[in-house]
Each structure stands twice: as C-alpha cells, then as structure tokens.
Amino acid sequence: MLKVRRSRDRGYVEQDWLKSYHTFSFGSYFDRKHMNFRSLRVMNEDWIAPNSGFPTHPHDNMEIITYVIEGRLAHRDSMGNQEQITHGEIQSMSAGTGITHSEFNPDDQATTHLYQIWLVPAEKNIKPSYQQIRYDQAPSGQLTLLASQQPKDGAVFINQDVDLYRAELAKGDELSFDIRPGRGVWLQTVRGGLVVNGEAIQTGDALIVEDESQLAISAQEASEFLLFDLV
C-alpha cells in the first residue's frame, strides 16, 4: 500500500525568523490524522533566518536527527557540545534522561534550510548522547546509511529499530530497495521528482509504504531523498 503526504498539505508556521512545514502534529499545528508514522514522530522542514534560531530548550526521551540542506546550524548543549552542522553531515542526539540545547543560524546573510526529525526511542531514560559525522557521498543511484540501531560504514547510532538512508539520483537514474516483512518505509523527497512503484512525488512530498516487498525508484530530474526503514 502506498500513500502520498503532499508537501502542500503539511501544517505551516511562520514567525519573523522561522518558516516551518510540519508533516505531523507539532506545536500549534494539530491534525489527528497525522500524528506519527510508526516511531517517526516529527518531520519538520525549517528555514531559519540569518543570526536567528531556537534558544536553549529542554528535551527528554526522544531521538533527534538534524539534516541540513543549505547553510549552517550552530548547536550547543548541556553535555558540553558546541558544533556547526552543514550539508554533508548528519547529527544525532539521544535526549534520554534529559538535555537542554540551542540551535542557531550563525550566518549574517544566508538562510539555513534543514529537516529536523524526531523518533520515539526504543528504550527510555538512557544516558543522553550526541554524535555528528560527515558521511561519504555514495555514487549516484546508491543509498548511504546515515543512522541505525546497528550502525556500520560510519553511520550514527540511534536508539530505535530504524535505518535511515539518503540518496542523490541524476535524471534517469533508478534504484530498488527491498523491504523486510513487517516493516514500513517513509520516503521524504528533499528535492527533485521521483516515481516510486508508479507513484509520482515532488520536492517536499513524502511516500508512506506499508505491506510492500520492494520499491522501484526512478528520478524524473536530479533528486535527493531520505528513506526511513522502520519496524
């Protein structure tokens, strides 16, 4: 079964310094039909204005992933981490028993564009942790593992039975993905246009996949996407 969550149907919030699309209910946006997909709880696409950002705030018992599309994001947390994240890097934070952190666009001119992703943890009240890595860009048409409960090839650890992949495809490229029994897939289009098992999706659209054994993905134009393989 395939279902499309269109970009235009997401919740939208705008402030002086922030524009944000919410795939699932979040903050002031509430949609009973879109609360989560399996352990995937938050999929926010944010544009943060220069010299602006989220002041220090708390989290607990949530797995948080930041994927920067354009620009830079400065991160500071109560564990003592002070980092900057750019495109080509993945950040993962297990909030566990509790942390505080801030996220800020340090640039004077450029907007920061990113996805912030939350997953419900498999185990609660673990010791908080932070990871950030620069991932190797796979050749066009191949998947790169970014995060996993059983990480390999430089992926970061995440406290949930989820494998998170990314890929970039040139126009005309194709790839396939085998889905293990009992698992579901969330495919988030970062940019471009794809056809997946005959279903067309564009920038910002997501494809929800249940009860399928394989995905056939083809690019109608240069494209980038994230693929979540979830229990």
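In the predicted model, the C-alpha centres of domain 1 and domain 2 lie 20 Å apart, the two domains spanning residues 10–134 and 142–230, respectively, with bounds that come from an automatic or database domain assignment. Residues are numbered from 1 along each chain as its sequence is written, and side-chain values use heavy atoms, without hydrogens or water. Because the model is predicted, local features need pLDDT of at least 70 and side-chain atom pairs count only at pLDDT 80 or more, whereas totals for chains, interfaces and linings use all residues.

Between the domains, 26 residues of domain 1 are in contact with 29 residues of domain 2 (heavy atoms within 4.5 Å). The area buried between them, defined as the accessible area (1.4 Å probe) that two parts lose on being put together, summed over both, is about 2,200 Å², with carbon and sulfur atoms giving 65% of this value. On the side of domain 1, the most area is lost by Phe37, Arg38 and Tyr67, which together account for 28% of what that side buries. Arg38 also takes part in a salt bridge with Glu210, their side chains meeting at 2.5 Å, N to O (a side-chain nitrogen of Lys or Arg within 4 Å of a carboxyl oxygen of Asp or Glu); the count of salt bridges between the two domains is one. The elements that give two or more residues to the side of domain 1 touching domain 2 are β4 (40–48), β6, β9 (89–94), β11 and β12, and β6 gives the most, with four residues. Strands are DSSP runs (E, at least two residues) numbered from the N terminus.

Seven strands form an open sheet in the order β2-β3-β4-β11-β6-β9-β12, with antiparallel pairing (two strands pair if DSSP finds at least two bridges between them). Strands β2 (11–14) and β12 (129–134) stand at the edges, each with a single partner strand, so that one side of each is left without a neighbour in the sheet. From one strand to the next, the twist averages 15 degrees, with axes fitted as lines to C-alpha atoms and angles running from 0 to 180 degrees between N-to-C directions. Within this sheet, β6 (residues 63–70) and β11 (residues 112–119) pair over seven bridges, and Tyr67 has Tyr115 in β11 as its bridge partner.
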